[in-house]
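Please look over the sequence and the structure shown here before reading on.

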Amino acid sequence: MTALSMIGTYAAVFATGGALCAIAELLIVRTRLTPARILVIFLIAGIILEGIGVYDYIFKFCQAGISVPIVGFGAALAKGSIEAARTYGFIGAFAGGLIRTAFGVGTAIVMSYLVTLIFSPKTK
């Protein structure tokens, strides 16, 4: 990978992540949507993109700019559900998303616990 292509990749990732943040900020400022509802909108957007089969094409260009935010989590849930439904049938659709995302969720829980041990947060 050349330095020029690496810079292009970083620029695409930065632009995509920034665009998602800008969209969220516009929704917060211009509408009465709460951050939680915007999060759900982004999650469902990832599910829809994966469901109609275009998420992988977007991912090839945007990479971490689209996969790290909640949109990527929604796509992972959908991909796991689709794969498990194909393998195990109807019941697999319910377990597949959880199986596919369990490692990331588990890691987030453990890391957040470690951070609370180090910094001892307090409620307001």
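## Surface and basis of the model

The accessible surface of the protein comes to about 9,000 Å², and 75% of that area belongs to carbon and sulfur atoms; accessible areas come from the Shrake-Rupley method with a 1.4 Å probe, and for residues only the protein chains shown count as cover. The model is a predicted one, in which local features need pLDDT of at least 70 and side-chain atom pairs count only at pLDDT 80 or more, whereas totals for chains, interfaces and linings use all residues. Residues are numbered from 1 along each chain as its sequence is written, and side-chain values use heavy atoms, with hydrogens and water left out.

## Overall fold

The protein has six helices and zero strands, where helices (H or I, at least four residues) and strands (E, at least two) are DSSP runs numbered from the N terminus. Its radius of gyration is 17 Å, well over the 14 Å that the globule rule gives for 124 residues, so the protein is more spread out than a compact globule; the radius is taken over C-alpha atoms, and the rule is 2.2 Å times the number of residues to the power 0.38. Along its principal axes the C-alpha trace spans about 45 × 45 × 40 Å.

Of the 124 residues, 22% count as buried, a term that means under 20% relative accessible area, with exposed being over 50% and partly exposed in between (1.4 Å probe, protein chains only).

## Aromatic pairs

Two aromatic pairs are found in a search of the whole structure. The rings of Y55 and F59 have their centres 6.4 Å apart and their planes at 20°, so this pair is stacked; rings of Phe, Tyr and Trp (its six-membered ring) pair if their centres lie within 6.5 Å, and planes under 30 degrees apart count as stacked, over 60 as edge-to-face and the rest as tilted. Y55 and F59 are separated by about one helical turn, because they lie four residues apart in helix 3 (residues 55-62). Y55 is buried at a relative accessible area of 7%, while F59 is partly exposed at 34%.

In the pair F90 and F94, the ring centres are 5.3 Å apart and the planes stand at 85°, so the pair is edge-to-face. F90 is exposed, with a relative accessible area of 68%, and F94 counts as exposed at 54%.

A24 lies in helix 1 (residues 3-30) and is buried, with a relative accessible area of 16%. Leaving aside neighbours within four places in sequence, A24 is in contact (heavy atoms within 4.5 Å) with I38 and F42.
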